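Please consult the sequence and the structure shown below while reading.

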Amino acid sequence: VNTIGDAVFRGCSSLKAIALPEQITSTGNDTFSGCSSLEELNIPEKVTSIGTDAFYQCDSLKQVNIPDSVTTIGKSAFYSCGALSKIVLPENLTAISEYTFYECSGLNEIVIPEKVTTIGESAFYGCKAIDKIEIPDSVETIGAGAFKECEKAESIVISNKVQNLESSTFAGCTSAKEIKLPENVVTLKESVFKDCSSLEQINIPASVKEIKNYAFENCTVLK
């Protein structure tokens with residue numbers, strides 16, 4: 001077995017553990033989607049890609065070991081894995097797709113690898129336990145709502161290569177006291193920092209050409 005196909009174990013709600021063959025190189029889409037009892041998984045060293053919705057709503061998943069051979073993780077791969085508290089992303093990953101960690105409400109630590117250039121829309125939306133957000137300078141694009149409602153993140157550092165901050169990217173980061181904007185940012189789009197109710201100060205660089213509607217709405221302690 002070199003490949004595990006689409007939806008192979010989808011909906012196996014009593015599955016708690018599985019040992020994957022060491023020779024596999026990829027997992028398909030929806031492979032473990034809805035495996036609500038699955039708690040832990042080791043992904044073999046030869047795997048290079050994890051499919052879309054691979055662990056979608058695996059509510060009990062606490063730990064996944066992803067090898068550095070993985071370069072691609074599909075959209076919504078860990079969507080609503082609420083028990084997942086920590087994950088180490090592979091160092092060769094180049095993009096974090098849309099909705100990858102959407103509503104992973106228990107995720108409290110994330111390190112974005114230095115080769116990542118793109119963070120997709122709503123990638124970390126609702127990751128309420130993350131305590132800090134550090135986006136490395138390799139990142140050029142961050143999608144709308146990527147870190148929305150990361151309620152416990154007290155500090156936010158954004159890559160200096162990002163020129164446009166999309167709508168609602170950091171909206172609802174209610175604990176953020178400090179946000180460092182990129183040196184070359186040009187546009188702050190709609191509601192980008194809306195409801196950042198702990199934000200006291202922000203320095204807007206001279207490079208900014210446009211601040212769109214509601215960008216700082218309900219930033220009640222901003223001085």
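Predicted model: local features only at pLDDT ≥ 70, side-chain atom pairs only at ≥ 80, totals over all residues.

A salt bridge is a side-chain nitrogen of Lys or Arg within 4 Å of a carboxyl oxygen of Asp or Glu. Residues are numbered from 1 along each chain as its sequence is written, and side-chain values use heavy atoms, with hydrogens and water left out.

**Salt bridges**

- K128 and E149 form a salt bridge in which the closest N and O atoms are 3.5 Å apart.
- K128 lies in the loop between β10 (118-119) and β11 (132-134), and E149 in the loop between β12 (141-142) and β13 (155-157), so the pair ties together parts that are 21 residues apart in sequence. Strands here are DSSP runs (E, at least two residues), numbered from the N terminus.
- K128 is partly exposed at 27% relative accessibility, and E149 is partly exposed at 23%. The classes are buried for under 20% relative accessible area, exposed for over 50%, and partly exposed in between (1.4 Å probe, protein chains only).
- A salt bridge also joins the side chains of K132 and E134, with an N to O distance of 4.0 Å. K132 has a relative accessible area of 44% and E134 one of 48%; K132 is thus partly exposed, and E134 is likewise partly exposed.
- E217 pairs with K194 in a salt bridge whose closest N and O atoms are 3.5 Å apart. This pair links distant parts of the chain, with E217 in the segment after β17 (210-211) and K194 in the loop between β16 (187-188) and β17, 23 residues apart.
- E217 counts as partly exposed at 31% relative accessibility, and K194 counts as partly exposed at 26%.

**Nonpolar core**

- In soluble globular proteins, nonpolar side chains tend to be buried together.
- The largest nonpolar core in this model has 65 residues. Such a core is a set of buried Ala, Val, Leu, Ile, Met, Phe, Trp, Tyr and Cys residues joined through side-chain atoms within 4.5 Å.
- The residues with the most contacts inside this core are F55, F78, I119, F124 and F147.
- F147 touches I112, I119, F124, I133, I135, I142, T169, F170, A171 and C173, when residues up to four places away in sequence are not counted. Contact here means heavy atoms within 4.5 Å.

**Sheet**

- Three strands form an open sheet with parallel pairing, in the order β14-β16-β17. Two strands pair if DSSP finds at least two bridges between them.
- β14 (164-165) and β17 stand at the edges with a single partner strand each, so one side of each has no neighbour in the sheet.
- β14 and β16 run parallel and are joined by two bridges. L165 stands opposite L188 in β16.

**Cysteines**

- The search of the whole structure finds zero disulfides, a disulfide being a pair of cysteine sulfur atoms within 2.5 Å.
- The closest cysteine sulfur to that of C150 is in C173, at 5.1 Å, which is too far for a bond.
- C150 is buried, with a relative accessible area of 0%, and C173 is buried at 0% relative accessibility.

Definitions and conventions: Helix = DSSP H or I, 4+ residues; strand = E, 2+ residues; numbered from the N terminus.
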